[in-house]
Amino acid sequence: QVQLVESGGGLVQAGGSLRLSCAASAGISSIFTMNWYRQAPGKRRELVAAITRTGGTNYADSVKGRFTISRDNAKSTVYLQMSSLKPEDTAVYYCNAAGRLWDPGFASWGQGTQVTVSS
């Protein structure tokens, strides 16, 4: 099992930046997709950004041009650089690992990190 630990959340003013990190307890090079989700109070969890094992990326329309996802396989870490933050970005952000070469159904979640953007 791969354990994921998020860090980097906090309180920031609108227009500011934060970088979230997701450290995995084992190598991530074989994991198909590393994802960042978020969940705001009273709302469903939504996919924010995804990065494949070959480096392809995908973003929610609401964060395109403001967020950047990256992965460092050597450090078993995934990052989410968030810029031009808005109050509506306030949520708990979760890291997710989905699929492995020998186990396409594999999935693991971190415990989440709170991001609060003040207006």
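Let's start with a charge and a ring: the charged end of arginine 100 lies over the ring of phenylalanine 106, 4.0 Å from the ring's centre. "Over" here means that NZ of Lys or CZ of Arg is within 6 Å of the ring centre and within 35 degrees of the ring normal. Arginine 45 does the like with tryptophan 109, its charged end sitting over that ring at 4.7 Å from the centre.

A word on the ground rules. This is a predicted model, in which local features need pLDDT of at least 70 and side-chain atom pairs count only at pLDDT 80 or more, while totals for chains, interfaces and linings use all residues. Residues are numbered from 1 along each chain as its sequence is written, and side-chain values use heavy atoms, with hydrogens and water left out.

Stay with tryptophan 109 for a moment. A search of the whole structure turns up one aromatic pair, where pairing asks for ring centres of Phe, Tyr or Trp (its six-membered ring) within 6.5 Å, with planes under 30 degrees apart called stacked, over 60 edge-to-face and the rest tilted. The partners are tyrosine 37 and tryptophan 109; their centres are 4.9 Å apart and their planes meet at 55 degrees, so this pair is tilted. Tyrosine 37 belongs to strand E4 and tryptophan 109 to strand E10 (residues 103-109), so the pair ties together parts that are 72 residues apart in sequence. Helices (H or I, at least four residues) and strands (E, at least two) are DSSP runs, numbered from the N terminus. Tryptophan 109 has 38% relative accessibility and therefore counts as partly exposed; buried is under 20% relative accessible area, exposed over 50%, and partly exposed in between (1.4 Å probe, protein chains only).

Now for the inside. Leaving aside residues up to four places away in sequence, tyrosine 93 touches partners including Leu20, Trp36, Tyr37, Leu80 and Met82, a contact being heavy atoms within 4.5 Å.

What about the sheets? Four strands form an open sheet in the order E1-E3-E8-E7, with antiparallel pairing, and two strands count as paired if DSSP finds at least two bridges between them. Strand E1 (4-7) and E7 are the edges, each with a single partner strand, so one side of each has no neighbour in the sheet. E7 and E8 are joined antiparallel by six bridges, and isoleucine 69 has leucine 80 in E8 as its bridge partner.

Elsewhere, E4 pairs antiparallel with E9 over eight bridges. Here our opening residue returns: arginine 100, in E9, is the bridge partner of isoleucine 31.

Serine 76 is in the loop between E7 and E8 and counts as buried at 13% relative accessibility. Serine 84 is in the loop between E8 and E9 and is partly exposed at 40%.
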